[in-house]
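Dear colleague,

Please find below the structure that I am handing over to you. My findings follow it, grouped by topic.

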Amino acid sequence: MCFGRVASGFGPVGVPFALEITIRVPQSVERVPVYGAAERNLKMIREALGVNIAAREDIVRVKGDGDAVDAARRVLESLIEASERGQALSRREVVDIISKAGWEGGRTRRHDGDEPDGAPAEAIDFAGPDAPIESNWGSGLNVFAGGRRVQPKGDNQKVYLDAIRDHDLVFGIGPAGTGKTYLAVAAAIHLLRTGRVKRAVLARPAVEAGEKLGYLPGDQFAKVNPYLRPLWDALGDMLDHSTLRRFMASDVIEVVPLAFMRGRTINDAFIILDEAQNTTKGQMQMFLTRMGQRSKMVVTGDPTQVDLPDPRESGLIDAARRLRRAAGVSFCTLTSGDIVRHQLVQRIIACYDDSGTGDAGGGAGREGGGGHG
């Protein structure tokens, strides 16, 4: 193979100029395994690395910032070498090649210190898959929302984050607004950026909260998207739109309904199950057994807000009873004092707790969830 550079260089503050290269695929190499069916591989490179890439016959042209173009070149070289060996790469393997190229590029990137505290995600260096789990954890999460670093607001939230750092399976249990899901998503993004995990998978059961929504238009993803909206909201706070779109297109971040987890084994990932009180016992067992090698799993929920027809079937309450003494599993309880939403939310929850008129789900949840902490 051969390639040529059109222009490259650095500006006065170290920002790479636009670079354009051409890569020729050898005549002896099948182009479909390199480009992917319907140029799927090129599309993943474009979305994940943020480059302009186009192929015509055996010529591929790549244009963009220097680091991104170099990463794309390494990906294409790997795809060409695999095609020369007659190796058919899966989508997952192509994603891994792109991720590795991005990490290698991240090791060499340097910034001049002019980025504000709320620097966009593209300004964060990826440390690589061998980075220690404690990477930058002591000094706070490498995650920003609204220009401010995401950090625990109280002692219980700090204990929760420390548990996520130190354990592979953590249950975060508490009322609405205590940051259970938000901090878990922040930890996932932090570990992605430091290279501790290769991807984040966020799941949620599609259970209606006491309402019958009836028929929803669209395909299966459009139908379940409303249930996943809270996860999208957290991601949207911490990642700019273009970065989130690239991560989604390249499967670095997945947001899926719980039913789509069946049959999978997920390695090198940070896996979150939100609203776990609305899982059945069977669904919870299915989810917990999806954990693969070098993965972390966080399960969040509020046992007082069970929306299942029979609250006694809640998988969260059942898991708390079965696993609270299991080695390597951490249970963290957040209370109304940890609520970080509008100050009225804390007062509202206190009023409902004091009234003693909760529904059957609330009663079952308090009974089942009170024995662990």
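Two rings of Phe, Tyr or Trp, the last taken by its six-membered ring, count as an aromatic pair if their centres lie within 6.5 Å, and planes under 30 degrees apart count as stacked. Please note that this is a predicted model. A search of the whole structure finds 1 aromatic pair. Its partners are Phe171 and Phe331, which are stacked, with 4.5 Å from centre to centre and 10° between the planes. The pair joins distant parts of the chain, since Phe171 belongs to strand E7 (residues 169–173) and Phe331 to strand E12 (residues 329–333), 160 residues apart. Phe171 is buried, at a relative accessible area of 0%, and Phe331 is buried as well, at 10%.

I turn next to the nonpolar core. The largest one has 37 residues, of which Tyr160, Leu235, Ile253 and Phe270 touch the most other members. Several elements give two or more residues to this core, among them helix H5 (155–166), helix H7 (220–238), helix H8 (241–249) and strand E8 (199–204). Helix H6 gives the most, with 9 residues.

The C-alpha atoms of Leu191 and Ala269 are separated by 9.3 Å, although the two residues are 78 apart along the chain. Just after H6, Gly195 adopts a positive phi of about 80°.

Because 14 of the 19 residues are buried, H3 is largely enclosed by the rest of the structure. Just after H3, Gly86 takes a positive phi of about 75°.

The charged side chains come next. Side chains of opposite charge can pair when their charged atoms come close. The structure holds 16 salt bridges. One of them joins Arg264 and Glu254, at 2.9 Å from N to O. Arg264 lies in the loop between E9 and E10 and Glu254 in strand E9, so this pair ties together parts that are 10 residues apart in sequence. Arg264 is partly exposed, at 21% relative accessible area, whereas Glu254 is buried, at 13%.

Asp268 and Arg294 form another salt bridge, with the closest N and O atoms 2.5 Å apart. Asp268 is in the loop between E9 and E10, while Arg294 is in the loop between helix H9 (281–288) and strand E11 (296–301), so the pair ties together parts 26 residues apart in sequence. Asp268 is buried, at 15% relative accessible area.

In a further salt bridge, the closest N and O atoms of Arg312 and Asp310 are 3.1 Å apart. Arg312 counts as exposed at 65% relative accessibility, and Asp310 as partly exposed at 26%. Finally, Lys158, Asp162, Arg165 and Asp166 are linked in a network of salt bridges.

Ile348 lies in helix H11 (residues 343–355) and is partly exposed, with a relative accessible area of 47%.

With kind regards

Key:
Residues numbered from 1 in each chain as written. Predicted model: local features only at pLDDT ≥ 70, side-chain atom pairs only at ≥ 80, totals over all residues. Heavy atoms only, no water. Helix = DSSP H or I, 4+ residues; strand = E, 2+ residues; numbered from the N terminus. Buried < 20%, exposed > 50% of the residue type's maximum accessible area, 1.4 Å probe, protein only. Phe/Tyr/Trp six-rings, centres within 6.5 Å; stacked < 30°, edge-to-face > 60°. Core = buried A, V, L, I, M, F, W, Y, C linked by side-chain atoms within 4.5 Å. Salt bridge = Lys/Arg side-chain N within 4 Å of Asp/Glu carboxyl O.
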